[in-house]
Amino acid sequence: MENGEHNNQTADGNGNGIIVIKNLTKKFGDNIVLDNISLSIEKGKTTVVIGPSGCGKTVLIKNFIVLLRPSSGEIYFKNKRIDNLPERELNTIRIHYGFLFQGGALFDSLSVAENIMFPIRQHYNTTDWGHVEDVIKTKLAMVGLDGFQNYYPANLSGGQKKRVALARAIALNPEVILYDEPTTGLDPIRADIINELVLKLQRELGATTVVVTHDMTSAYKIADRIIMLHNGKIIADGDAEHIRNHPHPVVQQFITGQVSEDDLAVLRASGSVAKAQFLPRDFKE
Ligand SMILES: Nc1ncnc2c1ncn2[C@@H]1O[C@H](COP(=O)(O)OP(=O)(O)O)[C@@H](O)[C@H]1O
Ligand SMILES: [Mg+2]
(Lines give C-alpha, C1' and ligand atoms only; values in the text may rest on other atoms or scores of the structure.)
(Ligands and ions follow the chains in the order given, each with its own letter.)
Protein backbone atom coordinates (compact mmCIF):
# COMPACT_ATOMS: atom_id res chain seq x y z
CA MET A 1 0.00 0.00 0.00
CA GLU A 2 0.96 3.63 -0.40
CA ASN A 3 2.88 5.42 2.31
CA GLY A 4 3.71 2.12 3.98
CA GLU A 5 0.32 2.07 5.73
CA HIS A 6 -0.64 -1.33 7.05
CA ASN A 7 -4.04 -2.86 6.46
CA ASN A 8 -4.06 -5.95 8.64
CA GLN A 9 -4.42 -8.26 5.68
CA THR A 10 -2.47 -11.44 5.32
CA ALA A 11 -0.97 -12.18 1.93
CA ASP A 12 -3.14 -15.24 1.41
CA GLY A 13 -6.60 -13.92 2.05
CA ASN A 14 -8.89 -12.20 4.47
CA GLY A 15 -6.72 -12.19 7.56
CA ASN A 16 -8.71 -12.15 10.78
CA GLY A 17 -10.95 -9.26 9.85
CA ILE A 18 -14.66 -9.47 10.63
CA ILE A 19 -15.24 -7.07 7.74
CA VAL A 20 -12.87 -7.30 4.81
CA ILE A 21 -12.85 -4.99 1.81
CA LYS A 22 -10.88 -5.95 -1.27
CA ASN A 23 -10.07 -3.48 -4.02
CA LEU A 24 -13.23 -1.47 -3.45
CA THR A 25 -13.94 1.22 -6.00
CA LYS A 26 -17.13 3.25 -5.80
CA LYS A 27 -18.03 5.79 -8.46
CA PHE A 28 -21.07 7.93 -9.03
CA GLY A 29 -20.94 8.78 -12.73
CA ASP A 30 -17.45 10.18 -13.26
CA ASN A 31 -16.95 10.91 -9.57
CA ILE A 32 -14.57 8.26 -8.18
CA VAL A 33 -15.30 8.44 -4.45
CA LEU A 34 -13.41 5.33 -3.30
CA ASP A 35 -10.46 4.30 -5.39
CA ASN A 36 -9.34 0.69 -5.06
CA ILE A 37 -9.44 0.50 -1.26
CA SER A 38 -8.48 -2.65 0.64
CA LEU A 39 -9.13 -2.84 4.34
CA SER A 40 -9.66 -5.35 7.10
CA ILE A 41 -11.61 -4.41 10.23
CA GLU A 42 -10.46 -6.32 13.27
CA LYS A 43 -13.05 -8.00 15.45
CA GLY A 44 -13.73 -6.40 18.83
CA LYS A 45 -11.77 -3.22 18.09
CA THR A 46 -12.84 0.36 17.54
CA THR A 47 -11.85 1.69 14.14
CA VAL A 48 -12.38 5.37 13.41
CA VAL A 49 -12.59 6.69 9.84
CA ILE A 50 -11.65 10.36 9.50
CA GLY A 51 -11.46 12.84 6.66
CA PRO A 52 -13.07 16.08 5.55
CA SER A 53 -16.69 16.36 4.47
CA GLY A 54 -17.33 14.72 1.14
CA CYS A 55 -14.27 12.45 1.17
CA GLY A 56 -16.35 9.26 1.13
CA LYS A 57 -16.61 8.17 4.77
CA THR A 58 -20.36 7.54 4.65
CA VAL A 59 -20.08 5.87 1.26
CA LEU A 60 -17.42 3.55 2.70
CA ILE A 61 -19.48 2.34 5.66
CA LYS A 62 -22.61 2.02 3.52
CA ASN A 63 -20.59 -0.36 1.36
CA PHE A 64 -19.75 -2.39 4.50
CA ILE A 65 -23.40 -3.39 4.77
CA VAL A 66 -24.06 -3.15 1.05
CA LEU A 67 -26.51 -0.28 1.37
CA LEU A 68 -24.42 0.88 -1.57
CA ARG A 69 -22.93 -1.70 -3.92
CA PRO A 70 -19.32 -1.43 -5.03
CA SER A 71 -18.61 -0.34 -8.60
CA SER A 72 -15.90 -2.98 -8.39
CA GLY A 73 -14.23 -4.97 -5.64
CA GLU A 74 -15.48 -7.29 -2.93
CA ILE A 75 -16.96 -7.02 0.57
CA TYR A 76 -16.78 -9.86 3.09
CA PHE A 77 -18.48 -10.32 6.44
CA LYS A 78 -16.92 -13.13 8.47
CA ASN A 79 -15.29 -14.56 5.36
CA LYS A 80 -18.56 -14.64 3.44
CA ARG A 81 -18.72 -12.52 0.34
CA ILE A 82 -21.76 -10.27 0.62
CA ASP A 83 -21.53 -7.53 -2.02
CA ASN A 84 -23.15 -9.79 -4.61
CA LEU A 85 -26.01 -11.08 -2.43
CA PRO A 86 -29.63 -10.28 -3.26
CA GLU A 87 -31.40 -7.80 -0.96
CA ARG A 88 -33.33 -10.59 0.80
CA GLU A 89 -30.17 -12.35 1.89
CA LEU A 90 -28.54 -9.08 2.89
CA ASN A 91 -31.17 -8.68 5.57
CA THR A 92 -29.87 -11.81 7.24
CA ILE A 93 -26.40 -10.21 7.23
CA ARG A 94 -27.54 -6.76 8.39
CA ILE A 95 -29.20 -8.30 11.44
CA HIS A 96 -25.65 -8.62 12.85
CA TYR A 97 -25.13 -4.87 12.52
CA GLY A 98 -26.35 -1.90 14.46
CA PHE A 99 -26.11 1.41 12.72
CA LEU A 100 -26.47 4.97 13.80
CA PHE A 101 -26.66 7.06 10.68
CA GLN A 102 -26.19 10.77 10.31
CA GLY A 103 -29.28 12.48 11.60
CA GLY A 104 -29.98 9.26 13.53
CA ALA A 105 -33.61 9.80 12.67
CA LEU A 106 -36.11 8.45 15.15
CA PHE A 107 -39.69 7.97 14.04
CA ASP A 108 -41.39 11.07 15.44
CA SER A 109 -44.81 9.44 15.62
CA LEU A 110 -43.50 6.52 17.69
CA SER A 111 -42.65 6.57 21.38
CA VAL A 112 -39.13 5.84 22.58
CA ALA A 113 -40.14 2.24 23.38
CA GLU A 114 -41.77 1.78 19.97
CA ASN A 115 -38.70 3.17 18.24
CA ILE A 116 -36.48 0.62 19.97
CA MET A 117 -38.99 -2.13 19.27
CA PHE A 118 -38.92 -1.33 15.57
CA PRO A 119 -35.93 -3.48 14.51
CA ILE A 120 -37.14 -6.30 16.75
CA ARG A 121 -40.53 -6.33 14.98
CA GLN A 122 -38.84 -5.99 11.62
CA HIS A 123 -36.69 -9.07 12.06
CA TYR A 124 -38.61 -11.32 14.43
CA ASN A 125 -42.17 -12.52 14.63
CA THR A 126 -42.28 -12.17 18.37
CA THR A 127 -45.33 -12.31 20.58
CA ASP A 128 -43.36 -12.41 23.82
CA TRP A 129 -43.99 -8.77 24.72
CA GLY A 130 -42.73 -9.22 28.26
CA HIS A 131 -39.35 -10.15 26.81
CA VAL A 132 -39.44 -7.22 24.39
CA GLU A 133 -40.17 -4.87 27.29
CA ASP A 134 -37.16 -6.27 29.15
CA VAL A 135 -34.95 -5.75 26.11
CA ILE A 136 -36.15 -2.15 25.76
CA LYS A 137 -35.50 -1.51 29.45
CA THR A 138 -32.01 -3.02 29.30
CA LYS A 139 -31.01 -1.09 26.19
CA LEU A 140 -32.37 2.19 27.54
CA ALA A 141 -30.51 1.60 30.80
CA MET A 142 -27.30 1.12 28.80
CA VAL A 143 -27.65 4.60 27.33
CA GLY A 144 -28.83 6.08 30.64
CA LEU A 145 -32.45 6.60 29.62
CA ASP A 146 -34.48 3.90 31.37
CA GLY A 147 -37.77 5.55 32.31
CA PHE A 148 -38.09 7.41 29.00
CA GLN A 149 -40.06 4.57 27.35
CA ASN A 150 -43.23 6.61 26.84
CA TYR A 151 -41.62 9.88 25.75
CA TYR A 152 -41.86 11.02 22.15
CA PRO A 153 -38.84 12.30 20.18
CA ALA A 154 -40.27 15.84 20.21
CA ASN A 155 -39.78 15.89 24.00
CA LEU A 156 -36.12 14.84 23.91
CA SER A 157 -32.97 16.93 23.53
CA GLY A 158 -30.58 16.34 20.61
CA GLY A 159 -28.25 14.29 22.78
CA GLN A 160 -31.10 12.20 24.18
CA LYS A 161 -32.38 11.48 20.67
CA LYS A 162 -28.94 10.20 19.69
CA ARG A 163 -28.90 7.97 22.77
CA VAL A 164 -32.33 6.54 21.94
CA ALA A 165 -31.13 5.94 18.38
CA LEU A 166 -28.17 4.16 19.92
CA ALA A 167 -30.43 2.02 22.10
CA ARG A 168 -32.34 1.12 18.94
CA ALA A 169 -29.08 0.32 17.12
CA ILE A 170 -28.13 -2.20 19.82
CA ALA A 171 -31.61 -3.70 20.21
CA LEU A 172 -30.61 -6.88 18.39
CA ASN A 173 -27.23 -7.32 20.15
CA PRO A 174 -25.22 -6.55 17.04
CA GLU A 175 -21.74 -7.93 16.48
CA VAL A 176 -20.76 -4.76 14.66
CA ILE A 177 -21.91 -1.21 15.39
CA LEU A 178 -21.46 1.48 12.73
CA TYR A 179 -21.70 5.10 13.84
CA ASP A 180 -21.83 7.89 11.28
CA GLU A 181 -20.81 11.24 12.81
CA PRO A 182 -22.31 10.46 16.22
CA THR A 183 -21.06 13.69 17.82
CA THR A 184 -21.79 16.12 14.98
CA GLY A 185 -24.10 18.92 16.05
CA LEU A 186 -23.61 18.30 19.78
CA ASP A 187 -21.85 20.66 22.16
CA PRO A 188 -18.55 19.35 23.62
CA ILE A 189 -20.10 18.00 26.81
CA ARG A 190 -22.90 16.13 25.06
CA ALA A 191 -20.41 14.95 22.44
CA ASP A 192 -18.27 13.52 25.22
CA ILE A 193 -21.26 11.68 26.69
CA ILE A 194 -21.64 10.00 23.29
CA ASN A 195 -17.91 9.16 23.25
CA GLU A 196 -18.22 7.56 26.66
CA LEU A 197 -21.26 5.60 25.48
CA VAL A 198 -19.45 4.34 22.40
CA LEU A 199 -16.64 3.09 24.67
CA LYS A 200 -19.03 1.60 27.18
CA LEU A 201 -21.10 -0.26 24.59
CA GLN A 202 -17.96 -1.57 22.96
CA ARG A 203 -16.86 -2.92 26.35
CA GLU A 204 -20.24 -4.28 27.45
CA LEU A 205 -21.35 -5.77 24.14
CA GLY A 206 -17.87 -6.65 22.88
CA ALA A 207 -19.05 -5.36 19.55
CA THR A 208 -16.71 -4.45 16.74
CA THR A 209 -17.10 -0.70 16.38
CA VAL A 210 -16.61 1.55 13.38
CA VAL A 211 -17.03 5.28 13.84
CA VAL A 212 -17.01 7.86 11.06
CA THR A 213 -16.15 11.33 12.30
CA HIS A 214 -14.35 14.55 11.56
CA ASP A 215 -14.10 15.24 15.29
CA MET A 216 -10.47 14.54 16.27
CA THR A 217 -11.16 14.86 20.00
CA SER A 218 -13.61 12.02 19.63
CA ALA A 219 -11.31 10.02 17.36
CA TYR A 220 -8.36 10.17 19.76
CA LYS A 221 -10.55 9.24 22.69
CA ILE A 222 -12.27 6.17 21.29
CA ALA A 223 -10.05 4.72 18.56
CA ASP A 224 -7.89 1.64 18.64
CA ARG A 225 -7.14 2.48 15.04
CA ILE A 226 -7.68 5.57 12.90
CA ILE A 227 -7.96 5.52 9.13
CA MET A 228 -7.87 8.70 7.09
CA LEU A 229 -9.44 8.93 3.64
CA HIS A 230 -8.23 11.41 1.04
CA ASN A 231 -8.91 11.49 -2.69
CA GLY A 232 -10.49 8.05 -2.55
CA LYS A 233 -7.49 6.42 -0.87
CA ILE A 234 -6.43 5.53 2.65
CA ILE A 235 -3.56 7.94 3.31
CA ALA A 236 -3.02 7.12 6.98
CA ASP A 237 -3.78 4.03 9.06
CA GLY A 238 -2.66 3.40 12.61
CA ASP A 239 -3.20 4.22 16.27
CA ALA A 240 -3.63 7.75 17.63
CA GLU A 241 0.10 8.14 18.12
CA HIS A 242 0.80 7.11 14.52
CA ILE A 243 -1.75 9.62 13.23
CA ARG A 244 -0.52 12.47 15.48
CA ASN A 245 3.00 12.00 14.16
CA HIS A 246 2.03 11.26 10.58
CA PRO A 247 4.33 12.95 8.05
CA HIS A 248 1.68 13.45 5.33
CA PRO A 249 0.88 17.19 5.17
CA VAL A 250 -2.80 16.51 4.41
CA VAL A 251 -3.06 14.44 7.60
CA GLN A 252 -1.37 17.17 9.65
CA GLN A 253 -3.61 19.84 8.12
CA PHE A 254 -6.70 17.82 8.93
CA ILE A 255 -5.85 16.85 12.49
CA THR A 256 -4.66 20.31 13.43
CA GLY A 257 -7.68 21.90 11.79
CA GLN A 258 -5.87 24.03 9.24
CA VAL A 259 -7.18 24.87 5.80
CA SER A 260 -4.63 23.96 3.13
CA GLU A 261 -3.01 26.70 1.06
CA ASP A 262 -4.70 25.27 -2.04
CA ASP A 263 -8.13 25.54 -0.42
CA LEU A 264 -7.39 29.07 0.73
CA ALA A 265 -6.26 30.10 -2.74
CA VAL A 266 -9.57 28.88 -4.16
CA LEU A 267 -11.57 30.60 -1.44
CA ARG A 268 -9.67 33.90 -1.72
CA ALA A 269 -10.02 33.86 -5.49
CA SER A 270 -13.78 33.37 -5.17
CA GLY A 271 -14.49 36.20 -2.77
CA SER A 272 -13.86 37.82 0.53
CA VAL A 273 -12.46 35.10 2.72
CA ALA A 274 -9.92 36.49 5.14
CA LYS A 275 -7.04 34.35 6.38
CA ALA A 276 -7.92 31.86 9.12
CA GLN A 277 -11.54 32.89 9.15
CA PHE A 278 -12.78 29.32 9.34
CA LEU A 279 -11.48 25.85 9.84
CA PRO A 280 -12.27 22.48 8.26
CA ARG A 281 -14.10 21.45 11.39
CA ASP A 282 -16.57 24.28 10.82
CA PHE A 283 -17.94 22.58 7.72
CA LYS A 284 -21.07 20.70 8.62
CA GLU A 285 -22.97 18.32 6.40
N1 LIG B 1 -26.11 8.42 -3.69
C2 LIG B 1 -25.17 9.22 -4.21
N3 LIG B 1 -25.22 9.61 -5.49
C4 LIG B 1 -24.26 10.40 -6.02
N5 LIG B 1 -23.19 10.84 -5.35
C6 LIG B 1 -23.08 10.48 -4.07
C7 LIG B 1 -24.07 9.66 -3.42
N8 LIG B 1 -23.70 9.46 -2.12
C9 LIG B 1 -22.54 10.14 -1.98
N10 LIG B 1 -22.17 10.75 -3.14
C11 LIG B 1 -20.94 11.55 -3.33
O12 LIG B 1 -19.86 10.83 -2.79
C13 LIG B 1 -18.93 11.71 -2.18
C14 LIG B 1 -18.66 11.26 -0.76
O15 LIG B 1 -19.82 11.42 0.02
P16 LIG B 1 -19.89 10.97 1.54
O17 LIG B 1 -19.43 9.58 1.68
O18 LIG B 1 -21.26 11.28 1.98
O19 LIG B 1 -18.83 11.95 2.22
P20 LIG B 1 -18.50 12.09 3.77
O21 LIG B 1 -19.37 11.13 4.53
O22 LIG B 1 -17.04 11.79 3.90
O23 LIG B 1 -18.80 13.51 4.11
C24 LIG B 1 -19.52 13.11 -2.30
O25 LIG B 1 -18.91 13.72 -3.39
C26 LIG B 1 -20.98 12.85 -2.56
O27 LIG B 1 -21.54 13.87 -3.30
MG1 LIG C 1 -20.86 11.45 5.84
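Helix axes are lines fitted to C-alpha atoms over the stretch in contact, and angles run from 0 to 180 degrees between N-to-C directions. On that basis, in this predicted model, helix α5 (residues 158-169) and helix α6 (residues 188-205) pack at an angle of about 15°, with their axes 10 Å apart. The protein contains 10 helices and 10 strands. Of its 285 residues, 37% are buried. Among contacts with a separation of 6 or more, 65% join residues 24 or more positions apart.

**Packing of α5 and α6**

- Angles under 35 degrees count as roughly parallel, and α5 and α6 are therefore roughly parallel to each other.
- The crossing of these two helices, α5 and α6, is right-handed.
- On the α5 side, the contact is made by G159, K162, R163 and L166, and on the α6 side by R190, I193, I194 and L197.
- Sorted by class, the residues in the contact of α5 with α6 are four nonpolar, one polar and three charged.

**Packing of α3 and α4**

- Helix α3 (residues 112-123) has V112, N115, I116 and M117 as its buried residues.
- The angle at which α3 and α4 pack is about 115°, and their axes lie 10 Å apart.
- As with the pair described above, the crossing is right-handed where α3 passes α4.
- The class composition of the contact of α3 with α4 is seven nonpolar, no polar and one charged.

**L140 in α4**

- L140 is found in helix α4.
- A residue is buried if 20 or more other C-beta atoms lie within 10 Å of its own; L140 has 22 C-beta neighbours inside 10 Å and therefore counts as buried.
- Leaving aside neighbours within four places in sequence, the residues in contact with L140 are L145, D146, F148, Q149 and A167.
- L140 and V112 are separated by 28 residues in sequence, while their C-alpha atoms are 9.1 Å apart in space.
- V112 is itself one of the buried residues of α3.

**Surroundings of ligand 1**

- Ligand 1 is surrounded by 12 residues, of which F28, V33, K57, T58 and V59 are the closest.
- Two or more residues of this shell come from each of the elements β2 (31-42) and α1 (57-64).
- The element that gives the most to the shell is α1, with three residues.
- By class, the shell around ligand 1 holds four nonpolar, six polar and two charged residues.

**Helix α1**

- Six of the eight residues of α1 are buried, so this helix is largely enclosed by the rest of the structure.
- The buried residues of α1 are K57, T58, L60, I61, N63 and F64.
- Among these buried residues are K57 and T58, which also belong to the closest residues around ligand 1.
- Just after α1, V66 adopts a positive phi of about 55°.

Definitions and conventions. Residues are numbered from 1 along each chain as its sequence is written. Chains are lettered from A and ligands numbered from 1 in the order in which they are written. This is a predicted model: local features need pLDDT of at least 70, side-chain atom pairs count only at pLDDT 80 or more; totals for chains, interfaces and linings use all residues. A residue is near a molecule or strand if its C-beta atom, placed from the backbone, lies within 6 Å of it. Helices (H or I, at least four residues) and strands (E, at least two) are DSSP runs, numbered from the N terminus. Ala, Val, Leu, Ile, Met, Phe, Trp, Tyr, Cys and Pro count as nonpolar, Asp, Glu, Lys and Arg as charged, and the others, Gly among them, as polar. Angles under 35 degrees count as roughly parallel, over 145 as roughly antiparallel, 65 to 115 as roughly perpendicular and the rest as oblique. A crossing is left-handed if the near helix is turned anticlockwise from the far one by less than a right angle, and right-handed if clockwise. Two residues are in contact if their C-beta atoms, placed from the backbone, lie within 7 Å. A residue is buried if 20 or more other C-beta atoms lie within 10 Å of its own, exposed if 12 or fewer, and partly exposed in between; C-beta atoms are placed from the backbone.
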